[in-house]
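Thanks for asking me to look this one over. My comments follow as numbered points, starting with the ligand sites and moving on to the sheets.

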Amino acid sequence: MNERLIVVSNRLPMGDTPSGGLVVSLHDVLAASGGCWIGSHPEAGDDHGAFERIGEEPYQRLAFRLTQSEMENYYLGYANSVLWPLCHRRPDLVKIRPAYREAYEAVNRRIAAMIAHEVSPEDIIWVQDYHFIPLARELRKLRVTNRIGFFLHIPFPVLADLSIMPQAETFAECLAHYNLIGLQTREDVARCLEMFRDDPRAEFMTDGSIKFGEHVSLVHSFPIGIDAKAFEDEARRELPDVFGGASPAPFAIGVDRLDYSKGLPNRFRAFGTYLADLRPEHTRPCLIQIAPPTRLGVQAYEDITEELQGLTGKINGQFAELDWTPIRFINRSVERARLAHLFRMARCGLVTSLADGMNLVAKEYIAAQDPADPGVLVLSQFAGAAEDMTEALLVNPYDIEAMAHRIDEAFRMPLGERQRRYRHCLEVVRKTDATSWAHNFLNVLRSSLKALDLAFQERELQPFG
Ligand code: ADP
Ligand code: G6P
């Protein structure tokens with residue numbers, strides 16, 4: 001029987017406009033290679049332990065349902081009120097409730113049992129993100145010996161924050177059940193290895209792998225990317241003008257889920273400072289911020305929405321004129337073709353995350369530019385993308401003045417320098433695209449041996465030191 005790729009993630013793409021980095025990259029990968037994608041149905045319900053099969057094209061989708069209580073406790077609760085803030089350096093936003101942890105464990109157990117029924121011996125299983133960290137452990141309990149890989153799309157938490165997590169000691173143990181642990185950046189890998197080094201149950205082997213009980217895992221970085229070619233093509237397509245012939249030039253653009261990790265309040269403040277102190281006289285620059293709401297029901301997301309509405313009102317109130325609105329704050333999704341077009345028109349792309357696994361918007365902004373007259377990417381030093389896109393205008397998103405100066409620099413940058421920086425960034429975007437991300441990850445996963453405890457004996461690895 002042939003190998004089949006089974007991808008598991010909480011989010012399953014249902015509509016035409018995938019939003020969120022995970023879905024965007026994996027959609028591109030699976031659309032090209034085929035396989036099967038397991039994820040949650042957007043509507044709550046009871047699946048009675050069986051997947052719902054949704055179409056075969058361009059890949060098969062198998063949906064499980066989350067009950068209302070699972071939505072609240074597993075998804076909004078443990079995943080997005082414990083793990084998300086913890087990994088994004090916001091321990092102050094962590095909410096610890098026993099019901100969250102119980103639901104998280106229970107959903108992982110339930111989905112593992114459903115997958116165990118679905119899986120064939122040659123299948124390769126690729127688990128995505130923080131919603132499913134214990135999934136491999138649960139699958140192994142059910143004697144699933146297939147190769148199982150894990151990719152964390154968000155930053156790996158710092159050691160000091162890990163101990164805030166309920167049952168923190170199970171975090172390393174759960175990860176160790178994967179043959180391969182994939183992370184976005186070399187810095188993430190360093191933090192993950194630090195966690196294992198700190199754990200007396202883990203042993204480092206001479207080949208760099210980690211032995212944990214009877215399991216052997218590899219930890220490696222695989223920077224995620226986009227379908228660069230498709231996005232470059234998309235951005236070149238002519239679209240009807242949305243500005244009624246009067247485009248607000250020059251303008252900066254931001255496109256983010258409305259998440260506190262994206263640093264939007266500081267971005268707005270920096271734009272306000274730029275308008276007040278640095279903008280050349282008689283110019284009317286705009287910031288177009290597209291930010292659809294996300295994870296409603298978690299207080300921190302409601303708070304950030306309110307804060308941004310207040311800031312928009314304040315800055316527009318201070319600077320707007322009858323025919324000029326400096327900040328256009330749009331709380332909706334925009335179709336990808338329109339997004340690509342807007343990126344191409346924008347003189348400056350703003351990515352100012354306080355913490356971010358990679359940030360695909362940074363890569364999309366670059367891919368969308370016109371090589372003859374490219375715009376400038378202002379990129380937070382705390383986004384994973386900054387590790388390789390070193391020729392973007394890197395910025396500390398906590399430093400409002402510095403960001404205002406970066407916006408000014410982007411608007412004023414001479415063509416030659418814009419092109420040089422763009423070419424460097426584009427090379428990175430093309431080199432680390434979605435296909436090579438998946439290809440590199442799966443190649444390493446395939447080269448790991450199947451039954452890990454056996455693999456350990458066969459390879460006769462020696463503990464290091
Ligand atoms: P995250 O995964 O945290 O949401 P990324 O920047 O890595 O952040 O990925 C976001 C993806 O979602 C990008 O592909 C981006 O184009 C898309 N996206 C974000 N906001 C919107 C929006 N308002 N409309 C359409 N697509 C969006
Ligand atoms: C990030 C996470 C993904 C998640 C996406 C959208 O990219 O890494 O796992 O799917 O945000 O968030 P949501 O909660 O809407 O799935």
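1. Helices here are DSSP runs of H or I with at least four residues, strands are runs of E with at least two, and both are numbered from the N terminus. Please keep in mind that this is a predicted model, in which local features need pLDDT of at least 70, side-chain atom pairs count only at pLDDT 80 or more, and totals for chains, interfaces and linings use all residues. Residues are numbered from 1 along each chain as its sequence is written, chains are lettered from A and ligands numbered from 1 in the order in which they are written, and side-chain values use heavy atoms, with hydrogens and water left out.

2. Which residues come nearest to ligand 1? They are Gly21, Arg257, Lys262, Val334 and Glu364, out of 19 residues around the ligand. A residue counts as near if one of its heavy atoms lies within 4 Å of the molecule or strand in question. By class, this shell holds eight nonpolar, five polar and six charged residues. In that scheme Ala, Val, Leu, Ile, Met, Phe, Trp, Tyr, Cys and Pro are nonpolar, Asp, Glu, Lys and Arg are charged, and the others, Gly among them, are polar.

3. Both domains take part: domain 1 (5-225 + 434-459) and domain 2 (228-431) each give at least three residues to the shell around ligand 1. The domain bounds come from an automatic or database domain assignment.

4. Now for individual atoms around ligand 1. A polar side-chain atom of Lys262 is 2.8 Å from one of the ligand's oxygen atoms. The backbone contributes too: an N or O atom of Arg332 lies 3.2 Å from a nitrogen atom of ligand 1, and one of Val361 lies 3.3 Å from an oxygen atom of ligand 1. On its own, ligand 1 has 560 Å² of accessible area, and the protein covers 94% of that. These areas come from the Shrake-Rupley method with a 1.4 Å probe. Two or more residues of the shell come from each of α1 (21-33), α11 (336-345) and α12 (360-367).

5. Side chains reach the oxygen atoms of ligand 2: a polar atom of Arg11 lies 2.8 Å from one, a polar atom of Asp129 lies 2.5 Å from one, and an N or O atom of Arg257 is 3.4 Å from one. The protein covers 92% of the 370 Å² of accessible area that ligand 2 has on its own.

6. Turning to the sheets, ten strands form an open sheet with mixed pairing, in the order β3-β4-β2-β1-β5-β6-β7-β10-β9-β8. Strands pair if DSSP finds at least two bridges between them. Why is one side of β3 (52-54) and of β8 (202-204) left without a neighbour in the sheet? Each stands at an edge and so has a single partner strand. Further in, β7 (180-183) and β10 (215-221) pair in the parallel sense over four bridges, with Gly182 opposite His220 of β10.

7. The other sheet I would point to is open and parallel, with six strands in the order β13-β12-β11-β14-β15-β16. Its edges are β13 (327-330) and β16 (393-395), each with a single partner strand. Strand β12 (286-290) pairs with β13 in the parallel sense over four bridges, and Leu287 has Ile327 in β13 as its bridge partner.

Methods:
A polar contact is a pair of N or O atoms within 3.5 Å; within protein, one must be able to donate a hydrogen and the other to accept it, and residues adjacent in sequence count only if both atoms are side-chain atoms.
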